[in-house]
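Student: I would like to go through this model with you, one question at a time.
Tutor: Good. Here it is.

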Amino acid sequence: MMKHRFLMFAVLTIGSAWPVSDLAAAQPIFWSTLRPADQARATVPLSPKTVSGPQGETLVWRDEGHPVELTGFVLPIDQEGDLVYEFMLVPWAGACSHMPSPPPNQLVRIVPQEPLHLEKIYETVTVTGTLRPGLDQAQFFMIDGVRVLSYGYSMAHAEVAKATLTKDPDLLSLSPFGVVPR
């Protein structure tokens, strides 16, 4: 009897110390999940396609207990050469730099587990991790100066993968320059 208790204790102790990745069970979400259902949609200049509107400080995602998957475009914040150490995930190419910024509830600040090798500007990626709500600001440098962005969500230690296919209707390729190779 004592032998079985020790064995059970050993199994439970080792099992609870073993790293278990919940990222495999991540819930795919769309950009619309991050804004209120009644938030108006606006038309981005230079395009007849619709995207999220200018309001957007209302954060509706509160489920921090479960990992999610979200696909979007990379806008580097901290970059050295082709390695990106931190970036904004945005719902359309060109957002924030050459087009109007999405509202804060449509911007996610990402710190990847390991640096992302950026092959082209506004590369489409899928990030997986725990999404944390909270309004904050970040600055990044563009050719024409410094921009400060207000964002509504963040994800640290995110797994980042090249996106293959998404059915998210808010994910739009709208860059006036197209998605250009680096």
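Tutor: Start with E123, which is buried at a relative accessible area of 3%. Buried means under 20% relative accessible area, exposed over 50%, and partly exposed in between, with a 1.4 Å probe and protein chains only. This is a predicted model: local features need pLDDT of at least 70, side-chain atom pairs count only at pLDDT 80 or more, and totals for chains, interfaces and linings use all residues. Residues are numbered from 1 along each chain as its sequence is written, and side-chain values use heavy atoms, leaving out hydrogens and water.

Student: With which side chain does E123 meet in a salt bridge?
Tutor: A salt bridge here is a side-chain nitrogen of Lys or Arg within 4 Å of a carboxyl oxygen of Asp or Glu. For E123 the N to O distance is 2.8 Å. The pair ties together parts that are 39 residues apart in sequence, because E123 lies in the loop between β7 and β8 and its partner in strand β10. That partner is K162.

Student: Is K162 buried, exposed or partly exposed?
Tutor: The relative accessible area of K162 is 37%. Buried needs under 20% and exposed over 50%. So K162 is partly exposed.

Student: Which backbone nitrogen lies 2.9 Å from a polar atom of the E123 side chain?
Tutor: A polar contact is a pair of N or O atoms within 3.5 Å; within protein, one must be able to donate a hydrogen and the other to accept it, and residues adjacent in sequence count only if both atoms are side-chain atoms. Contact in general means heavy atoms within 4.5 Å. Leaving aside neighbours within four places in sequence, E123 is in contact with residues including G72, F73 and H117. The backbone nitrogen at 2.9 Å belongs to E119.

Student: How many residues of strand β5 are buried?
Tutor: Strands (E, at least two residues) and helices (H or I, at least four) are DSSP runs, numbered from the N terminus. Strand β5 spans residues 83-90 and is mostly covered. The buried count is 6 of its 8 residues.

Student: How many bridges join β4 to β5?
Tutor: Two strands pair if DSSP finds at least two bridges between them. β4 and β5 run antiparallel and form a hairpin with 2 residues between them. In the turn, G81 has a positive phi of about 65 degrees.

Student: Which residue of β6 is the bridge partner of M88?
Tutor: β5 and β6 (residues 108-112) pair in the antiparallel sense over 3 bridges. The partner of M88 in β6 is R109.

Student: How far apart are the closest N and O atoms of E86 and R109?
Tutor: E86 lies in strand β5 and R109 in strand β6, so the pair ties together parts that are 23 residues apart in sequence. E86 counts as buried, at 15% relative accessibility. The closest N and O atoms of the salt bridge are 2.1 Å apart.

Student: With which side chain does R132 meet in a salt bridge?
Tutor: The structure holds 3 salt bridges. In this one, R132 sits in strand β9 and its partner in the loop between β3 and β4, 68 residues apart. R132 counts as partly exposed at 42% relative accessibility. At an N to O distance of 3.0 Å, the partner is E64.
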